[in-house]
Amino acid sequence: MTEAGRDFTELHARSSFSFLESSASPESLAEEAARLGYRSMALVDRDGVYGAPRFYRACRETGVRPLVGAEITTTEGSLPLLVRNREGYKNLCRLLTRMHLRAEKGEARAELEDLRDFSSGLICLTGGMDGPFSRKCVGSPAAAAFYLRQLKGIYGKGNLYVELQRHFSREQEKVNQAMIQSAAGCDIPLLASNGPGYSGREGRFLYDVLSCIKHGVKLDNAGRLLSRNSERFLKSPADMDQVFRDLPEAVFNSRELAESLEFTLRDLGYAFPEYPVPEGETMNSWLRKLTFRGAADRYRPLHDKARIQLEHELKIIEKLELPGYFLIVWDIVQYCRRHDILVQGRGSAANSAVCYSLGITAVDPVGMELLFERFLSEERGEWPDIDLDLPSGERREQVIQYVYRKYGRRGAAMTATVISYRGKSAAREVGKALGFSAELQGRLSKMLGSWSSEPPVEAGEMAEQVKPYSTEQERGRLNIFLQLWKEIQDLPRHIGQHTGGMVICRGRLDEVVPLENARMEDRTVVQWDKDDCEGLGIIKVDLLGLGMMSAIHDTQELIRASGGNVDLARIPPDDPETYRMLQAADTVGVFQVESRAQMATLPRMKPERFYDLVVEVGIIRPGPISGNMLHPYLKRRAGLEPVTYPHPSLEPILKRTLGVPIFQEQLLRIAMVVAGFSGGESEQLRRAMGFKRPGQAMLKMEERLRQGLEDNDIKGEDAETIVRYITSFALYGFPESHAASFALLAYASAYYKAHYPVQFYTALLNNQPMGFYHPATLVRDAMRHGLDILPIDINESGWLCTVEGKTSIRLGLSYVRGLARDTGLRISGERKRKVFTSLEELRDRAGLGRRELTSLSRVGAMESLGLERRNALWQAEKVSRYAGPLLRDLEEEEEGCPLFEMDAAERMSADYSGTGLTTGPHPLELLRNRLSSRGVLKAGELPETGNGKDVAVAGSVIVRQRPMTAKGFLFLSMEDETGISNIIIKPKKFEQYRQVILENAFLLVRGELQNSRGVVSVLADRIESLDFSDPGISSYDFH
Amino acid sequence: MAAPLYFIATYSSSADLLFKSRQLISPRSHPVHPGGLVFEVNSRYRQETLDRIAALSLANLRIGGAFTRTAAVFAALVAPGTILPYRREKGFLASFPLEHLSLQAELPAGFLDTLHSWGLRTFGDLTEIAPDALAARMGQDALQLRGLASGEDVSLPESFREDLVYREKREFDWPVASSEALLFPLGEMMEAICGRVSGAGLAVCRINLLLTGNDGENLCKKVETALPSCNSRLLISLLRLELEEIILRSGIKSVELEAFPARARIIQHSLLEAETLEPEEKGLTLSLAERSWPESSLGIPGVMDTHDPDPGDCGDWRESRLLKGRNRNLNEPGGDNGCRPGYEGNSLHLALRRERPPRPLELAEGEIVSLAGPWKSSGCWWVGDEMRNGWTQEEWDLELKNGELYRVSWNHREKIWYLEGTYD
């Protein structure tokens, strides 16, 4: 022993990324290791390196050397493997990948053969009491010795250690003695560890709860599944020296081994793939060529301002050695173009003129005066982030599969998402472990659902609130419950697949990070989330699915099919009709500006040009609303408030937004102009100020800001005003580039709605679910715009909705509930061959059963067979019944259908229950006479009614919303046959009418009309349910 | 021509009284779902029957009468008090919603949905559909339901099923004074019962012993067997224990045995099976034990599933409680250290004589030759409102100069050593 308490190194620590086998986060282990004076420590999580990046980051901050390993589940038990060098890391990743890819989730196991295949560069420990060696020691010393020799044969002498743990257990010690004897017999060195599952002694409580969750038991009857004592925490080296004072070599070996382990995640060896360029070109020169080739097409002509910007960007890209990344993204975009898949870059990439020139983004950052440094700068030291929006569904999958094909199954994968315990799930799981009844668990999870760190009430108050649903014993445990609930927050539960993040690698990705099967077929996922990947320099490309991209794509296809051609590039930039529609808030179905809040703002905003739309998209966000940017902007826009600037130097920057800071890019520019920041520095400032908890970084940046202001001769009150200004809106600003990308789609969708409504609505209906409204609302809106929505018919409808003539949309079979896609395609395929003339023919040719026949009959799809709905239902029951050979040809003597035809109300009800929408009259139309006699106005009459008048309005509730920013106000959108009425409900009224509002599909609201500057709403005073049987209308609630 | 039959359906919350008195009302009655009775009477005695029912003063009486059983039941359940004249059933039922069919029949899945989709809402709507057309679409079940909707009796009435009891009775010419003397006739009676019971492929699970004293005093003793048995000797032994407790003021004039049967136990014998005590005889042992010790001292010792170092438990002898509370695979790994439950028992070769309760101990230095420990355990931290509650134990194993081995524990709170046990 060299120095008291300095010999031991913990080489078998587990973090919460061992999923339910540890209650310690990687960060807490790193912090505790530093506090206890460890120089290094190994994180050895179960079957993965999930927690390694976070452990690495935390250790870097605390000065502990983070060693890498994983505890491998073998067919005989668990074996911890430690990584000695880069080769070992590659082998560990490939071993884990092989285990995971061939097994179901959670069932990964390694055979001895697998260990043999990937043994080089790895150190094997025999594991704790659940290791195969200790088990064999108990049963048969001879079998244990044989097993030890097998492992020695795999890993080689010097790479295998018999691991001893001491948790003050009589039984464990007995096994230890057997293991020591066996190790001596096989000449294998000993190694001490404590196998910590929590960082401090108090972590045992949560650890026990996690054991209960894992085994699906309660604490009261978990018995020996729980820990024997609280000794499995991260002990100090001195304590471990003391525990193993009779075996100093075991302690010494841990340190000696730790010092021989060379590998940390710093040596990950990740490299971004090189893009193959034509002969004679480098990646830099090729990117330059492509960029200027594209720029010549984009900027007609390519002006100096754009040329200078492109040169500036290319210089930085070259300096940061990123041309390969841009070329690879360009390649994906090219693939999309070749395969007629709409693609558009979003996010900060829209700040780049290079991206614009390469066709990755669609917004001209030079023309829009966007800030490249928000996207990429030398100072940031981070990889750029390019997000590509693709049509959701099959076309996006096609692009993902292209990336897999191009870079190989082992060269590309999706990033993971860590799903963690949060308020609701935390309450339920902890409650279950403490033995709470299902009802109490439900109550508590409801109570704590929206609180993720601090409970809203103390245990005592909580006990009072749940008194009727709990026993005395349960209430007695609420204090412990709350403590555990807080502790379990943010602990990972499992990993899932990120919606679109893909990482690619030069060579084998499975030598950089283990891969697993995703739940979706043909997808693999890495064990790290996007932040982990970003932190370790692994570049990702986000391939995100956007329903509106699909809808726009389909709209264009339909326009082409009808002889037109208006793709995105051909849309006129300032179309008056489109802006007229936007100003009137006629935006149901329009991307990003269709929500109730957007609709309420549009008439006040009155957008007249593209930048107005950018502001509209950016300002109706929780950030700008919480930052109180909305109302000052709208007032200034309406001329009700003068446009002022906090300092004259800010005028050029804030002029476009009337002196109100809305976008993050504005913050960056302010810092650049008034304090002399470089683009990269100002981005760092934004990030530092964006953190909710101010840290050292922010203090440093603030100091630098003040200095910069002083250097520019801005001092005293002026300087303070600007500092306050910047810090106050750093949290709330929205990225301008992002708003611009979305505004482009918003404009395009509005244009299509204004000029090609048939195609646009058809495309919207074929890409559900998407957007803010239910298809029933879209159909109503289409009808109000003069379109005919034709009902489903087996001899007319395809699987999807189709355009018929100039103003008609035929609903597709996809809207028939319970009809499978294959069946629908079979019907339309057969129909194209020859029309159906009878139910029997339909049954035989399309292979339909009773369920399909009755579903179609109920919604009136058999009308072209001359069968009214009831008649069709009557016949369907007969033709779908197996008659048997004896009766098959028997003629039935019948006098036609004895059933009555459906009346209007019945048809509407059948439509809603069978398709979720109706092409017939709106339900309110059937009540209109009765409603009119009670003085109830139609939604379409409200704009013509005077402000402040008491009115009554009724409708089917299509949206209920209670945004976080609205301080408890509830907003309802109600639809009738003439349009949509907006209802505002104050918090007190909501409490008063909660049940009526939440439980009824049709409401009648009385209150004061607010009709000002084109924005019409009713401030609810009395609310009642409409006497109307619910035909199954769906609303989009709290969406 | 004989008068037609009339049916009176009766439901009451005093169903026991109704069922017991049914013979007083009419010799022919049938049980009907849910918990009602239908009396079948000659239509001429309709009023008389109704009067008899009324005379019973049944609580919450719901009554209905019709010339079909079906219509009578619907009348009682849906429109209590309705007494239908001849051939008015169909008309009476026509307005009933189709959902009411479930009162008398189990409806096929989707049956109501289909009828509703056809626009049919009432019994009358259904009966309007031609039977052939209905059968062609919905099969024979639908025809039966259509019959019900018309008020027809579409199935046979249910009959009463009495509880099966085997009885033997002896009346003595002169009073029997001692229980020993009583055992002879009881033995014969039991043998006879066991013969009949086993002949029916059954076994006895409960016996009622009814004794009538010479002075008219009646006594009843109930004996439940641990397992169903046809072993008359065993059953008599159980009765003997009961008889020992009976003190009669006078001799016994008559004795009756009622034996309640249960399905006999099926045993698959095996050559490899060790010879053990007949399980049925455990009942006798337990009965003897119950008479020998107070209830609080009786039970089956079991090892609790806990890390508690002295996990003794005494469970109810009627339950198997070898592992308290939970049934799980003993080979699965344990909580943190993977220690297999039950491992302690396998691993220790030394037997430990426990001190219950542990007694305070003075440890003299120099006496101890070697020691091992501390062995720490703790648990139940979640019991109560603070995590510091629960138990903790810190044990040591000591070897003394004289070669004796002890298990001791240190109580942190009291600062006292306790002797937990001695190793043999």
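A nonpolar core here is a set of buried Ala, Val, Leu, Ile, Met, Phe, Trp, Tyr and Cys residues joined through C-beta atoms within 7 Å. I am working from a predicted model.

**Cores.** I looked up the largest nonpolar core and found 366 residues in it. A:Val503 and A:Ala746 have the most contacts inside this core. Helix 33 of chain A (residues 736–755) gives the largest share, 13 residues.

I went back to A:Val503. Leaving aside neighbours within four places in sequence, its contacts include A:Ala412, A:Leu509, A:Val526, A:Cys533 and A:Ile538.

**Chain contact.** I checked how many residues each chain gives: 46 from chain A and 38 from chain B. On the side of chain B that touches chain A, strand 12 of chain B gives the largest share, six residues. I sorted that side by class and got 14 nonpolar, 15 polar and nine charged residues.

**Helix pair.** I looked up helix 1 (residues 26–35) and helix 2 (residues 52–62) of chain A. They pack at an angle of about 30°, with axes 8 Å apart. Angles under 35 degrees count as roughly parallel, so helix 1 of chain A and helix 2 of chain A are roughly parallel to each other. Their crossing is right-handed. Helix 1 of chain A makes the contact through residues including A:Leu29 and A:Ala30, and helix 2 of chain A through residues including A:Phe55 and A:Ala58. By class, I logged seven nonpolar, one polar and three charged residues in this contact.

Key
Residues numbered from 1 in each chain as written. Chains lettered and ligands numbered in written order. Predicted model: local features only at pLDDT ≥ 70, side-chain atom pairs only at ≥ 80, totals over all residues. Buried ≥ 20, exposed ≤ 12 C-beta atoms within 10 Å, placed from the backbone. Helix = DSSP H or I, 4+ residues; strand = E, 2+ residues; numbered from the N terminus. Contact = placed C-beta atoms within 7 Å. Nonpolar A, V, L, I, M, F, W, Y, C, P; charged D, E, K, R; others polar. Axes fitted to C-alpha atoms, helices over the stretch in contact; angles between N-to-C directions. Parallel < 35°, antiparallel > 145°, perpendicular 65-115°, else oblique. Left-handed = near helix turned anticlockwise from the far one by under 90°.
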